[in-house]
Amino acid sequence: MRFVSSSLADTQRFGEALGKLAEPGDVFCLLGDLGAGKTALTQGIGKGLDIFQHINSPTFNLINEYQGRLPLYHMDLYRMEAEEGEELGLKEYFWGKGLCVVEWPQVAAEILPQDILQIDIISQGQRREMKLTAHGSRSREMIEEVKKLVDLEY
Amino acid sequence: MWILSIDTATKITGLALHQDEQLVAESFLHTSKTHSERVMPMILQLMENAGLSFSDLNAVAVASGPGSFTGLRIGMATAKGIAQVRKLPVIGINTLDALAQNGRGFTGLISPILDARKNEVYNALYRNQHGTLERVSDYRAIAPERLLEELSMSSESVLFVGDAVATYQELISTTLEARAVFFAENMSLPRGSQVGALAAKRLAIGESDDLYGLKPFYIRQSEAEVTWAKRFGQGV
């Protein structure tokens, strides 16, 4: 499934739809270059989880936690080494009680659950194309659901 | 023309300041501290020792790989950050090309080997040709056994330099016997000055790299990328 956003507001509304659908243990993996809008999308996801705090890029903290309808674990693994994943207890987050939104997830490939929702963000000027890929039944269901929400809203 | 060179491709932090092709200052640190902690303070100290400020610099050079993935990214980010802010040309130098320079003057084959983990070394072969080094193989990640098998075919002396020498010296000596040549450690490890020497040559003929186009040269995918492609290369 593809969603095209032409503004920051579009991106955040799309994120909000995803956030509304999230259930405990869901893992969204965001792939895209620096500045593609991974954090902007996560801000929308946070809104969909009824999180009212401001969501920042987790680049320097690796993991930021927010409390909403579900806990949101917002991670940026860009600077992590594969061996550090164990130490940081990433598995406990991935199989935890909240939603994990993982930027630069490749380094954790070994320990991620299989049924992730993969979101590739391709940027071109103001335009953002978001490509959703399912890797299991739960993520496939999410994509079907978000199609309905997005159709209703736009 | 002042050139600051940064090499964080291995566990060694190597820095150098060249005025044109002349080496003016150099630092070398081989400790367990991470590059991200030590590289900026070391740059500041080296510049201060040489009586320079950032506005005196004319170019920034960086060891662009192969090497440790994180190390390369730290070096690249540091060099690019300085180059972008000061609007300076940036020059990437292949880590193996720089390391091979340790053997300039040696008449046989020069074989830099860098620890690539997973029982492999990063390597390329070089030979002295009219006073400059010519690369005579591809850049590659190779098992030391396979490299030695290849080298067993020839009858030339082979000089080994690099941080993987310590690990494989015994194996090399057993296989190549008297044809294997080693330098003392201080002549064998990567130096910032070798990156700077090659960068000065490129700068002298008007060459530099694109600030946004220059990327680390990893040779092979990280293990994580391979696993990612295997597990998540295709959706369901």
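This is a predicted model: local features need pLDDT of at least 70, side-chain atom pairs count only at pLDDT 80 or more; totals for chains, interfaces and linings use all residues.
Residues are numbered from 1 along each chain as its sequence is written, and chains are lettered from A in the order in which they are written. Local features need pLDDT of at least 70, side-chain atom pairs count only at pLDDT 80 or more, and totals for chains, interfaces and linings use all residues.

Trainee: What pLDDT does chain B average?
Mentor: pLDDT is the predictor's confidence in each residue, from 0 to 100. In chain B, 100% of the residues score at least 70, and the average is 95.

Trainee: Which residues of α1(B) are buried?
Mentor: Helices are DSSP runs of H or I with at least four residues, numbered from the N terminus, and α1 of chain B covers residues 35-49. A residue is buried if 20 or more other C-beta atoms, placed from the backbone, lie within 10 Å of its own, and exposed if 12 or fewer do. By that count the buried residues of α1(B) are H35(B), V39(B) and I43(B).

Trainee: Why are they on the same side of α1(B)?
Mentor: The arc is taken from the directions from the helix axis to the C-beta atoms. They lie on the same side because they cover an arc of only 60°.

Trainee: How many residues does helix α8 of chain B give to the side that touches chain A?
Mentor: Two residues are in contact if their C-beta atoms lie within 7 Å, and the contact takes 14 residues from chain A and 10 residues from chain B. On the chain B side, the largest share comes from helix α8 (residues 223-232), with seven residues.

Conventions:
Helices (H or I, at least four residues) and strands (E, at least two) are DSSP runs, numbered from the N terminus. The expected span of a helix is 1.5 Å times one less than its number of residues.
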